[in-house]
Amino acid sequence: MAVSFLSSFFSTLLPSKSACPCPTPTCLHCPPSQLRLQQSSSWTSDLTESSLSFPSLHARDYSPILYPALACSNILFFKSAYNVQIIVIENEPEDRLVDRFRKEVIRAGVFQECRKRRFFENQREKRKRKSREAAKKNRRRPRSRAPRQKRDEAPEKKKFDDEKDDNWGLPEVDLPYC
Amino acid sequence: MGKPIPKIGSRRNGRIGSRKNARKIPKVVIHVQASFNNTIVTITDVRGQVISWSSAGTCGFRGPRRGTPFAAQTAAVNAIRTVADQGMQRAEVMIKGPGLGRDAALRAIRRSGILLSFIRDVTPMPHNGCRPPKKRRM
């Protein structure tokens, strides 16, 4: 019954995914999900069959529900693991293709990894590199966020405090026996 | 792990090109290994059996000029020229390694007019495996 629930969940998931509009052939960073959309309907039937073959439900069987894209990652088509994949559109100008590929590769961090692993780096070098990367990262984003939060909260608190602290007037209370 | 090639008859399908030179191969994989000193372009079929190869070194460049993008371009052009008449319909490109030859080889492949389906980067990334060589002191 649990298995049937799983398979029914699958069947609800998959047709809805295939009903999505054709994915723009952008670069695929996470392999399985986009590739799956392009396969024919025979894949979906294979998937449901394979899901039915699981006899008992463990915690890892919930991962198809939580991460549906990873569910078929071991049944899939590609034979080798890759870092970046790009689907080539027809009649794409070569400059645009090369630029797209380059951008995706940089985003995946391939060049950085290669440079890092080219020579051995001891602990001191590693710490230096990490602090440099952290500085680079901090230079871009959290500067815009953290000061803004501080500015918003501080004046609000001040207003509140002023009203509370003002104890000079008599409290307005109904006096008994008047 | 790997491709499930059946054992029977594998010896017969072992080599391409030695007997049947005009064998038609519809789908082809182009491997480009671009290191800092050289670029090697290998054309294989989907199973991985090599059809032809070429490198910047075999194209006549020597020494530091092998690592240049122009050398990679000529290597790619050379490799594709030998298989141009074998009726390739689709090609996949697998690029490995850092190096200046990556983009140049890709451009040359695109310019040669082959239909490309995927372009993949398959640079091998260890999950903290072997210790790399020591730093150079220059």
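Is A:Lys137 buried or exposed? I found A:Lys137 exposed, with a relative accessible area of 63%; buried means under 20%, exposed over 50% and partly exposed in between, with a 1.4 Å probe and protein chains only.

**Ground rules**

I note that this is a predicted model, where local features need pLDDT of at least 70, side-chain atom pairs count only at pLDDT 80 or more, and totals for chains, interfaces and linings use all residues. Residues are numbered from 1 along each chain as its sequence is written, chains are lettered from A and ligands numbered from 1 in the order in which they are written, and side-chain values use heavy atoms, with hydrogens and water left out.

**The positive patch**

I placed A:Lys137 in helix H8 of chain A. Helices (H or I, at least four residues) and strands (E, at least two) are DSSP runs, numbered from the N terminus. A:Lys137 belongs to a surface patch of positive charge with A:Arg115, A:Lys136, A:Arg139, A:Arg140 and A:Arg141. Helix H8 (residues 123-140) gives the most to this patch, with 4 residues. For patches, residues need over 30% relative accessible area and no salt bridge; like charges are joined within 9 Å, nonpolar side chains (Val, Leu, Ile, Met, Phe, Trp, Tyr) within 5 Å. Lys and Arg count as positive, placed at NZ of Lys and CZ of Arg.

I then looked at A:Lys128, which forms a salt bridge with A:Glu125, the closest N and O atoms being 3.6 Å apart. The term means a side-chain nitrogen of Lys or Arg within 4 Å of a carboxyl oxygen of Asp or Glu. Both residues lie in helix H8 of chain A, 3 residues apart, about one turn of the helix. An α-helix has 3.6 residues a turn, so residues three or four places apart point the same way. A:Lys128 is partly exposed at 41% relative accessible area, and A:Glu125 is partly exposed at 25%.

**Chain totals**

I counted 9 helices and 1 strand in chain A, against 2 helices and 5 strands in chain B. Chain B runs β-β-β-α-β-α-β along its sequence. Buried residues make up 20% of the 178 residues in chain A and 42% of the 138 residues in chain B.

**Helix H2 of chain B**

Helix H2 (residues 101-111) of chain B is mostly covered, with 9 of its 11 residues buried. Among them are B:Gly101, B:Leu106 and B:Ile109. Just after H2(B), I saw that B:Gly113 takes a positive phi of about 95 degrees.

**A bridge between chains**

Which residue does B:Arg107 form a salt bridge with? The partner is A:Asp95, the closest N and O atoms being 2.8 Å apart. B:Arg107 lies in helix H2 of chain B and A:Asp95 in helix H6 (residues 94-108) of chain A, so the pair joins two chains. B:Arg107 is partly exposed at 27% relative accessibility, and A:Asp95 is partly exposed at 45%.

**A buried pair**

I noted both B:Arg120 and B:Glu92 as buried.

How values were computed
Accessible areas come from the Shrake-Rupley method with a 1.4 Å probe; for residues, only the protein chains shown count as cover.
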